[in-house]
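I opened my notebook for a quick look at a few side chains. Here is what I looked up, in the order I got to it.

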Amino acid sequence: MKFDVPEHQKLRPVIQLAPLVDIAFWALMFFMIIAVFNQMEVQVNMTLPKSKTAVQSAQSSGRIVINITKDGRFIVNQKEYTGNGLGVMLALVSKLFPNQQVIIRADELTYHKFVIQVLDACSRANLSDVSFSTLSDENK
């Protein structure tokens, strides 16, 4: 049995679905991963201080964001650390990645002593690329 394809069907463009499904799958994965990482740091309920002269710094993809709550808890990647535990974790990270960027997100009502504890832990771990996260003040 011979199956003849009409001439007008031979000339029609063919859309390959397999590559389109692959592209859609990878795009979906990319946006899901980005959403998870952005949500991890936003879930910590904090009010950041405002600054009129804040400048956005260049951020590396593997940065460490240390959240300091107003009651002095240290949270990194949704895991709570004590002062000593944070120092140990930063020392390990420093050994693996010597030029690691650290961003400190402290609540505006956080006592200064908790910020100093994080700065001391970064200093002991030889991490010098430390930035502070603030909100832009709308009344410039």
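I began with Phe 114, which is buried, with a relative accessible area of 13%. The model I am reading is predicted, so I keep that in mind for every value here.

Entry two: aromatic pairs. I looked up how many the structure holds, and there are 2. In one of them, Phe 25 and Trp 26 sit edge-to-face, 5.9 Å centre to centre with 70° between the planes. I noted edge-to-face because the angle between the planes is over 60 degrees. Then I checked accessibility: Phe 25 is partly exposed at 45%, and Trp 26 is exposed at 55%.

Entry four: a serine in a helix. I found Ser 94 in helix α3, which covers residues 83–96. Ser 94 has 13% relative accessibility, and it counts as buried because that value is under 20%. What does Ser 94 touch, leaving aside neighbours within four places in sequence? I listed Ala 125, Asn 126 and Leu 127. For Ala 125 I also wrote down a distance: its backbone oxygen lies 2.5 Å from a polar atom of the Ser 94 side chain.

Conventions:
Residues numbered from 1 in each chain as written. Predicted model: local features only at pLDDT ≥ 70, side-chain atom pairs only at ≥ 80, totals over all residues. Heavy atoms only, no water. Helix = DSSP H or I, 4+ residues; strand = E, 2+ residues; numbered from the N terminus. Buried < 20%, exposed > 50% of the residue type's maximum accessible area, 1.4 Å probe, protein only. Polar contact = N/O pair within 3.5 Å; in protein donor to acceptor, adjacent residues only side chain to side chain. Contact = heavy atoms within 4.5 Å. Phe/Tyr/Trp six-rings, centres within 6.5 Å; stacked < 30°, edge-to-face > 60°.
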